[in-house]
Amino acid sequence: MYNRIIKFLGLILVFVLMWVPAHSQDEMTAIDNDMFLKPQRPVSVFQHDEHNETAEIEDCAQCHHLYEDGQLVEGESSEDMRCADCHEEKGIGKTPSLTQAFHLNCKMCHQEKKSGPVMCGECHVK
Amino acid sequence: MHDLYNFVSGPLVWVAFAVFFFGCLYRLIRMLALVNQKEKFIFSYMSFKYSLRSILHWSIPFATENMRQHPVMTIVTFAFHFCLIITPLFLLAHVILWDEAWHFSWGHLPEGLTDIMTLVVVFGCFFFLIRRLRLPEVQFVTSASDYIILGIVAAPFITGFLAYHQWFNYPFFMILHIISGEIMLITIPFTRLAHMVLAPFTRAYMGSEFGGVRHARDW
């Protein structure tokens with residue numbers, strides 16, 4: 001009897017251990033695109049943690065930058081904000097549109113580092 | 001792959017557009033110089049009014065007798081040329097790339113529509129190929145280069161279609177798409193594709209002659 005209960009509890013434990021990381025909040029797997037009412041392309045694949053580990057990015061501000069009056073604020077980061085808080089559907093002045101912000105932020109860095117996807121379909125995988 | 005992509009989407013684009021732009025300019029200047037040298041009197045009856053009348057007349061589907069006699073050709077050629085010019089200019093991915101480079105953008109067509117327009121261009125090339133092979137009057141004025149330029153025009157659209165759908169090897173067809181587009185731009189001024197810039201002048205000349213000299217309509 002005890003044996004069966006232990007086996008059953010063990011099974012639940014294994015399930016929980018597998019399920020929690022797969023659904024945990026931190027594990028970001030795609031770009032947040034719910035700002036776009038009618039997205040034309042499939043959402044961009046983006047494994048946040050895996051990406052930063054492979055790319056050896058320690059500084060959040062490298063992507064989560066903060067601009068004030070068109071000037072980059074050094075030493076400040078913006079990971080507590082959504083990209084869409086500043087970048088709207090259409091670009092305003094020097095602030096790129098949300099689409100552009102995503103594209104420029106990812107693609108320019110990938111081109112510079114010669115690593116990571118640069119062509120449309122490499123992120124927007126069908 | 002990054003070096004290749006950066007090269008074909010960077011310096012090679014500049015080369016392609018420069019050759020296209022200055023090549024077309026060269027063709028126009030050479031055309032005017034040749035007329036001036038060989039048949040200078042043409043300038044004496046060139047008329048703005050009859051030129052525009054003829055260009056407009058031949059820009060409307062089925063407006064001319066010739067188009068009415070060849071209805072299938074008329075439909076295919078108008079659909080083909082319309083899609084050939086409009087698709088690349090208003091394709092979402094192209095507009096986005098332009099915006100990335102120049103921070104300047106314009107409207108785009110839905111991707112489902114440009115997908116169909118791409119197929120129209122490819123179908124058009126196929127139709128023109130069959131026409132060249134089958135019709136004796138077309139066969140008579142056909143040389144090897146005419147088949148090659150059909151391939152040059154079809155290539156960016158076929159590779160673009162494959163890349164858009166991400167069929168087969170995506171990066172390969174994407175790079176091939178960019179290169180084939182650049183080849184097309186470069187060959188325009190130096191092949192029969194130059195009718196892109198020369199055709200309006202041929203039309204203007206004929207319109208002026210029929211209107212101002214023969215006092216006839218230009219059918």
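1. In this predicted model, 22 residues of chain B are in contact (heavy atoms within 4.5 Å) with 20 residues of chain A. Local features need pLDDT of at least 70, side-chain atom pairs count only at pLDDT 80 or more, and totals for chains, interfaces and linings use all residues. Residues are numbered from 1 along each chain as its sequence is written, chains are lettered from A in the order written, and side-chain values use heavy atoms, without hydrogens or water.

2. The two chains bury about 1,800 Å² between them. Buried area is the accessible area (1.4 Å probe) that two parts lose on being put together, summed over both. Carbon and sulfur atoms carry 54% of it. On the chain B side, His2(B), Glu100(B) and Gln166(B) supply 33% of the area buried against chain A, more than any other three residues.

3. Between chain B and chain A, 15 residue pairs are in polar contact, both residues at pLDDT 80 or more. A polar contact is a pair of N or O atoms within 3.5 Å; within protein, one must be able to donate a hydrogen and the other to accept it, and residues adjacent in sequence count only if both atoms are side-chain atoms.

4. Three salt bridges cross the interface of chain B and chain A. The rule asks for a side-chain nitrogen of Lys or Arg within 4 Å of a carboxyl oxygen of Asp or Glu. Over all chains, the search finds ten.

5. One of the crossing pairs is Glu111(B) with Arg41(A), at 2.7 Å, N to O. Glu111(B) sits in helix α8 (residues 111-134) of chain B and Arg41(A) in the loop between α1 and α2 of chain A, so the pair joins two chains. Helices here are DSSP runs (H or I, at least four residues), as are strands (E, at least two), numbered from the N terminus. Glu111(B) is buried, at 5% relative accessible area. Arg41(A) is buried too, at 18%. Buried means under 20%, exposed over 50%, partly exposed in between (1.4 Å probe, protein chains only).

6. Lys114(A) and Asp3(B) also pair, with closest N and O atoms 2.6 Å apart. Lys114(A) lies in the loop between α4 (98-113) and α5 (120-123) of chain A, and Asp3(B) in helix α1 of chain B. Both are partly exposed: Lys114(A) at 46%, Asp3(B) at 49%.

7. Within chain A, Arg82(A) bridges to Asp34(A) at 2.7 Å. The pair ties together parts that are 48 residues apart in sequence. Arg82(A) is partly exposed at 38%; Asp34(A) is exposed at 56%.
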